[in-house]
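Could you walk me through this structure?

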Amino acid sequence: MSLIFYYAPMSTAIITRAVIDELGLDCERVKHDLSKGETRTPAFLKINPNGTVPAIVHDGTAIWESAAIAMYLGDLFGVQANLYPAPGPKRGEAMKWITWSNVRLADAAGRLSAALPAGSEGGVEVAVSAEQRTAEALATAQKDIAECLRILNDALSGKQFLLGAYTLADTHVQGFVAWLGMMGTELGSYANISGWLARCAERPAVAKTMDE
Ligand SMILES: N[C@@H](CCC(=O)N[C@@H](CS)C(=O)NCC(=O)O)C(=O)O
């Protein structure tokens, strides 16, 4: 089995790193510096034409989009490891949360990141337009994030993890929520989320995602 993982520190790729580590997969890690445009080189664009990390190449096939990677690796390696449900309704729930975090939550988080003052912790490294960095854009992003957090907090009511037991859905979703925390979003008033984040942080694979 050959697995190459393309990543950058402090990027969406740290979520994929946690997924790979949870599954205990050996991989070749290839680091890219976003500030130097290293994901925009012709060589990397052949792997991911979007010019973004994470991306993996598994046995010669390139897979990009962190949600797709989590579900792909979960399908192949996670079921046996009890970290991803077998096909069926629980699998559907895992896919629902992974996709939701990449689409709805990450969209709002990305807008928050762009609207924060330049140089803020967790802010985007790529160019931000004037329309993205207005007080109105910031307020809208914060409102949308509050709605996402309410949905997640309600879903975690009475549960240790999203599907009951810990799965890659938790690995994936916690990555985006932790990013919100880094950007200063107040999470303490969401009791279910706070407890869940603390439980996720006890996972060694999650705890080391900030390492280079
Ligand atoms: N939806 C994508 C987002 C990937 C993404 O936007 N990655 C950023 C870092 S967080 C990136 O590589 N940016 C480099 C660039 O745009 O040049 C995913 O979940 O994989």
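D21 is partly exposed, with a relative accessible area of 26%; partly exposed is the class between buried, under 20% relative accessible area, and exposed, over 50%, taken with a 1.4 Å probe and protein chains only. D21 belongs to helix α1, where helices (H or I, at least four residues) and strands (E, at least two) are DSSP runs numbered from the N terminus. From D21 to W64 there are 43 residues in sequence and 17 Å in space, C-alpha to C-alpha.

A word on what you are looking at: this is a predicted model, in which local features need pLDDT of at least 70 and side-chain atom pairs count only at pLDDT 80 or more, while totals for chains, interfaces and linings use all residues. Residues are numbered from 1 along each chain as its sequence is written, and side-chain values use heavy atoms, with hydrogens and water left out.

Now for strand β3, where you will find A55. A55 counts as buried because its relative accessibility is 0%. Along the chain A55 and A13 are 42 residues apart, and their C-alpha atoms are separated by 7.9 Å. P54 sits in the loop that runs between α2 (42-47) and β3 (55-58).

Two other loops hold backbone angles to look at. M10, in the loop between β1 (3-7) and α1, has a positive phi of about 50 degrees although it is not a glycine. With 49% relative accessibility, M10 counts as partly exposed. E65 is also a residue other than glycine with a positive phi, here near 80 degrees. Look for E65 in the loop between β4 (61-64) and α3 (66-78); its relative accessibility of 44% makes it partly exposed.

A pocket here is found on a 1 Å grid over the protein atoms alone: it is an open set of points with protein on both sides within 12 Å along at least five of seven lines, unlike a cavity, where a 1.4 Å probe fits but cannot get out, and lining residues have an atom within 4 Å of a point. The largest pocket has a volume of about 1,200 Å³, a volume being the space filled by probe spheres set on the points, which are joined across faces, edges and corners.

What lines this pocket? Helices α1 (13-23), α4 (89-115), α6 (168-182), α7 (191-201) and α8 (204-207) each supply at least two lining residues, and α4 gives the most, with seven. Domain 1 (3-78) and domain 2 (89-204) each contribute at least three residues to the lining; these bounds come from an automatic or database domain assignment.

One of those helices, α6, has 15 residues and reaches 21 Å from its first C-alpha to its last, close to the 21 Å expected at 1.5 Å a residue, where the expected span is 1.5 Å times one less than the number of residues. Because 11 of its 15 residues are buried, α6 is largely enclosed by the rest of the structure. The buried residues include H172, F176 and L180. L180 has a relative accessible area of 0%, and its C-alpha atom is separated by 9.5 Å from that of A106, 74 residues apart along the chain.

Our last stop is helix α5, with 21 residues (135-155); its end C-alpha atoms are 30 Å apart, which agrees with the 30 Å it should span. Here A137, A141, I145, C148, L149, L152, N153 and A155 are buried. They cover an arc of only 145 degrees around the axis, which puts them on the same side of α5; the arc is that of the directions from the helix axis to the C-beta atoms. An α-helix has 3.6 residues a turn, so residues three or four places apart point the same way. The face of α5 turned away from the buried side carries the exposed residues A135, E136 and K143.
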